[in-house]
Amino acid sequence: MDDLTSEFIAESQEGLDRMERCLTELEVRPDDGALVGEIFRAVHTIKGTTGFLGFDRLEKLAHTGEHLLGSLRDGKLAVTSELISGLLSLLDGLRAILVLIEETGGEGTRAEDEDSALIAELTALNGHAPLSVDAVDGVDEPNTVGMPHQEVEKANSRAAVAPAASAMGSADKTLRIDVDVLNRMMNLVGELVLTRNQMLQSNMEAANFPELARRLDSVTADLRETVMQARMQPVGNLFGKFPRLVRDLARTCGRDVRIEFSGQETGLDKSLLEAIKDPLTHAVRNAVDHGIEAPHVRVLAGKPAEGCVRLRAFHQSGSVVIEVADDGAGIGIERVLAKAVERNLVTAEHAAEMSEREALQLIFLPGFSTAAAVTNVSGRGVGMDVVRANVEKVGGSVEIESKMGVGTTLRMRVPLTLAIVPALVVRSGGQSFALPQTALVELVYVPRREAEKAVEKIGAAALYRLRERLLPIVWLDRLLGLGTQYTDEAHGFYLAVLEAEGCRYGLVVDDLLAPEEIVVKPLSSVLREIGLFSGATVLGNGALALILDIGATAARAGVKPMEEVAEGVALVEAKTEQAEDVSFMVFEERAKERTALPLDVVERIESVPLTQIEYAGGRALLQYRGELLPLCDDGNLLIEMEDREQEESLVTVLICAHAGTGGRHRIGMVVRRVLDVSPGRMLEEYASASGMELALVKEKLTMVHRQFGAKAAATWKEVA
Amino acid sequence: MKFSDRDEGDAAGALDEMQEESDAVSLCSLFAGSESFGIDTRKIREVLGKRELQRVPMAPAYIGGVVPYRGEVLTAVNFRALLDMEDNSAVSCVLVLEDDEGAERFGLAVDEVGGVVTVNRRMLEENPCTLEARGKWLFDGAYKMQTGLMVQLDPKRLRPSRLAETGLFKQCVTGATDASTDRR
């Protein structure tokens, strides 16, 4: 195929895409002359060019269409549902020929490549007799005059084939790029070459080498960003085909459905756009066929007869979320469970104790469909599992929410791009692993001497108390069957708090290496089957690291989504707020007395060797991070310890932010031992003169240092 | 490996001294333990030499690990593991293989790679019937060399995905012991 033809095909397909959008809009706004003009132009352009290129069949069809559209434009015809259907068949006809030309180079001369029926139909719509007698050969006369229903059905079924075929065509292999972006890319490549030349000429020791390395870094970053930008496509391109799809589907299923969009301008990598096309189509089909009820059912339920499918795209924390929401009947949990048991996907006992959320996830299992009747459109038991598999293949996730009688929302979360993700590189069992930053919530370092105490156990399950919430912890090296390495005595372990698919857990790793932007490389199928790694990457030092699939790791370790737990905590938090409680750090200063500080004034707890504490003018001082901290020693601990002459003994010092008259500065508070952190209540009526106040912490009498207490209360109230 | 019929076919080899050009095949010799093997050089894309493999936890035992190769991450098959030999901790030699369709590139980790030898295709001896199932899968006959037999390997059958399909090889043995020996 020559360049001219392929260019013509690409252009025509764009024109037809535009026409498709306009047509569905035209049905909603029949009086919009601009839309008719747009459609007319698309068909006219095709007709003009085909004549020039010598595609007679295409020209003939386009000519008939143009003729019809001309009448419409001149106001001789009114926009009816039949007319729109006819024009859509025209669109499909044109598309089918274009596909044929693209595949074979010719427009086809075989018997089935005959458009006379379609031409006759269009002519009939135009209110004239067929153009010529032979054009209607083989078509029943009554059918051409009335609306030939089968004809439309046939056209519709053809429509299902045509876009699928064209999907493989030039439209997806080519990409239109802004010339500016291309120029910028070229400039950057030039810059890259220049930097390389300079690097080759200088050597590692050269004075300007660090500068060159920096420049290389910035050029690479710019180039990457530009290339990504070029690959970004608005999601609207994908949404564009749905009005037609929904329209056709709604007719087949006897529904009344409107489609709404928002966030069409959200950019997404082209390859990702391709990857989610099928899952999204499936989700929309599901929404129309399964979700939205028949009009009379809707009216009975007190809803407008016309159902609504909303497509929404937006950015959320480094990924793009695409939602398909319908206002239909929702998914019945009982039906889902009954079906799952019937299909032997779960056991009856297991089903009985499932939470609502878990039950909903069952629809993603292979071989699951709740459609009462198998229809042409959906309900053959293949579907949601494919949707999930396709989305997960590109590193995304799918979740579903549903309320009986209110509707269902399917949410697909896909990364902005496949190629590069920010990640934290960790070491465990002597190997490097990359954890995607998107799943990383926080990092906790557990020092060696606290390691024993920090890990608590219920049966065999290990837990870590993170701000009074129990977090299940998973040892990465044990999970992967790696040999545990002996770490340094002084070295504790790191807890990476991860969250994926509603699961929150702590992953124990030996060491943290640098956070890096890693380039994701796919793994071979054998390694993908392990299910724990989503890819591999080459690190800055040239070594390979496997990228851990956070969700799959959670599943392997048996971590369950903890919706109920989260709710419980929220409840506790709400309760504390109501009682106007403050969190206190409780410690022992003087023997047998419990003393406390509001938790938010304590910045750190340090263990300092006694020898590091210095004295000046009778006051104890500590050099702490280049700052001189006055030490507050109410319990006379320092003297006590000095007396015992234990040189190597450690003093526990609380580093507190002290809001004194001269602004904010820190002091250190020497304590015997730290006891607990828990919420408590100030007892205002017992305010004493000694700079201390009383409070009830865990129903035990505790003294609170006043200046902190007052200050904290004030700030706390501000926050509240 | 027992080649009970190693003396068979000597006479046949002596018969056609005059070999046709088209029958000549060049094999790259490689070694695992004390045995020598050969792979058609046309199917070898590159010999990477000694490389340290990045182990993949939970992978089937016959997967030696992954190795970076020209912007790709190649899965390397541990040939010693396929032969049920114990893993030697030394760094192994990695070859990059590609089958005819070029569908899947993968690495093969062996003890050592030797030189290229040219043999006559017609001199190939069939696998002995006494060979166990795994051997039958892996080996593609043998050539009689002066130093002993050189067993021919077919890269198509060494492909990680094919190995997984056959189910002849242990699926998931990368336990704690296996991995720790490697890392001492």
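This is a predicted model: local features need pLDDT of at least 70, side-chain atom pairs count only at pLDDT 80 or more; totals for chains, interfaces and linings use all residues.
Local features need pLDDT of at least 70 and side-chain atom pairs count only at pLDDT 80 or more, while totals for chains, interfaces and linings use all residues. Residues are numbered from 1 along each chain, chains are lettered from A, and side-chain values use heavy atoms, without hydrogens and water.

**Exercise 1.** Work out how many disulfides the structure holds, and where B:Cys28 stands.

*Solution.* Start with the rule: a disulfide is a pair of cysteine sulfur atoms within 2.5 Å. The closest cysteine sulfur to that of B:Cys28 is in B:Cys93, 8.9 Å away and too far for a bond. Over all chains, the count of disulfides is zero. B:Cys28 is also buried (under 20% relative accessible area; exposed is over 50%, partly exposed in between; 1.4 Å probe, protein chains only), at 6%.

**Exercise 2.** Describe the side of chain B that touches chain A.

*Solution.* First, count contacts (heavy atoms within 4.5 Å): 25 residues of chain B meet 25 of chain A. Next, look for salt bridges (a side-chain nitrogen of Lys or Arg within 4 Å of a carboxyl oxygen of Asp or Glu); the interface has zero. Then see which elements take part: β4 (63-69), β5 (72-78), α5 (160-166) and α6 (176-183) of chain B each supply at least two residues. Helices (H or I, at least four residues) and strands (E, at least two) are DSSP runs, numbered from the N terminus.

**Exercise 3.** Locate A:Thr80.

*Solution.* A:Thr80 sits in the loop between α3 (56-73) and α4 (81-104) of chain A. With 34% relative accessibility, A:Thr80 is partly exposed.
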